[in-house]
Amino acid sequence: MSSNKYTLLRQVHSFLSYHKLLGIEQYPAADTLTAFLRHTKTPPPLPSLEKQTPLVSSSPAMIQKEHTEAGSTILEVEEEVRNCRSCDLIRNRVLPVPGKGGSNPRLFVVGGWLTQEKEGFEEDGVFGTAEDQMLERMLTAIHLDRNDAFITNVIKCGISQTVQPKAENIHSCFSYLERQIAALSPEILCAMGITAARALLQITQPLSQLRGQLHQYVQGQSTIPLVVTYHPTFLLQNPEMKTATWADLQLIMKYLQGKKKTQS
């Protein structure tokens, strides 16, 4: 497939994801749409993004193959993010931020976007220098190794403090996030901050009403548990909210401990 066709498909996917966020589930049967749907050429089937449940236990070779395929997909998304020109943030992007973490994570953490600090960006930073350090301590507190987590943002551009992303920037990036989640199939998601929470849950409630409980992120026919909590940037400015955040982290820890006991 040519790069132009691939870019067009990615833009269409982002546009449809945007409509889904708005709650648009149907389109009127206009003549142009009807003519398009009646086109006789049958496109090749798209690969399913849903996690298939095996009928028998996977062999070590099968598990290794799944991990390799997931890693390849994540690398593909990373390459696309680095070359992305889908929205106007490209004019203000300081560096691409595809995310980082293990290839078989139990926890998938999502923030809003990376904002440039006074001293600039860390080369592999995701939330910010102090924020990433705080997140590392959070993972340690719930007994998660760094490789057991993948950390990324809704918006994949690192931008300066003078730039404020718009809704269309979120919509342009959302397909990247969807593909990362589908490829890695984490056991649980954590949305840090209102931008991530609203993008993943497609709701407009304030963060204070969303935290403290397990939600469900829906992707196709599958669902993944999701916990909403405060972003490390907010916690650095409001340290008194760390207690509430610890309660949210305990939800994640208890869920993962329960999954581990079930599997054993």
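Buried means under 20% relative accessible area, exposed over 50%, and partly exposed in between, with a 1.4 Å probe and protein chains only. This is a predicted model: local features need pLDDT of at least 70, side-chain atom pairs count only at pLDDT 80 or more, and totals for chains, interfaces and linings use all residues. Residues are numbered from 1 along each chain as its sequence is written, and side-chain values use heavy atoms, with hydrogens and water left out.

**Stop 1: R91**

Select R91. It sits in the loop between α3 (60–82) and β1. Helices (H or I, at least four residues) and strands (E, at least two) are DSSP runs, numbered from the N terminus. Is R91 buried or exposed? R91 counts as exposed because its relative accessibility is 66%.

**Stop 2: the open sheet**

Select β1, β6 and β4. They form an open sheet of 3 strands in the order β1-β6-β4, with mixed pairing. The edge strands are β1 (93–96) and β4 (114–115), each pairing on one side only. Two strands pair if DSSP finds at least two bridges between them. β1 and β6 (residues 157–159) are antiparallel, over 3 bridges.

**Stop 3: P96**

Stay in β1 and pick P96, which lies in that strand. Which residue of β6 stands opposite P96? It is C157. Leaving out residues up to four places away in sequence, P96 touches V81, R82 and K156. Contact means heavy atoms within 4.5 Å.

**Stop 4**

Move to β5 (residues 149–153). This strand is mostly covered, with 5 of its 5 residues buried. Look at each face in turn. A149, I151 and N153 are buried on one side, F150 and T152 on the other.

**Stop 4: helix α6**

Finish at α6 (residues 194–201). The helix is largely enclosed by the rest of the structure, because 6 of its 8 residues are buried. Colour these: T195, A196, A197, A199, L200 and L201. Just after α6, click Q202, which takes a positive phi of about 60°.
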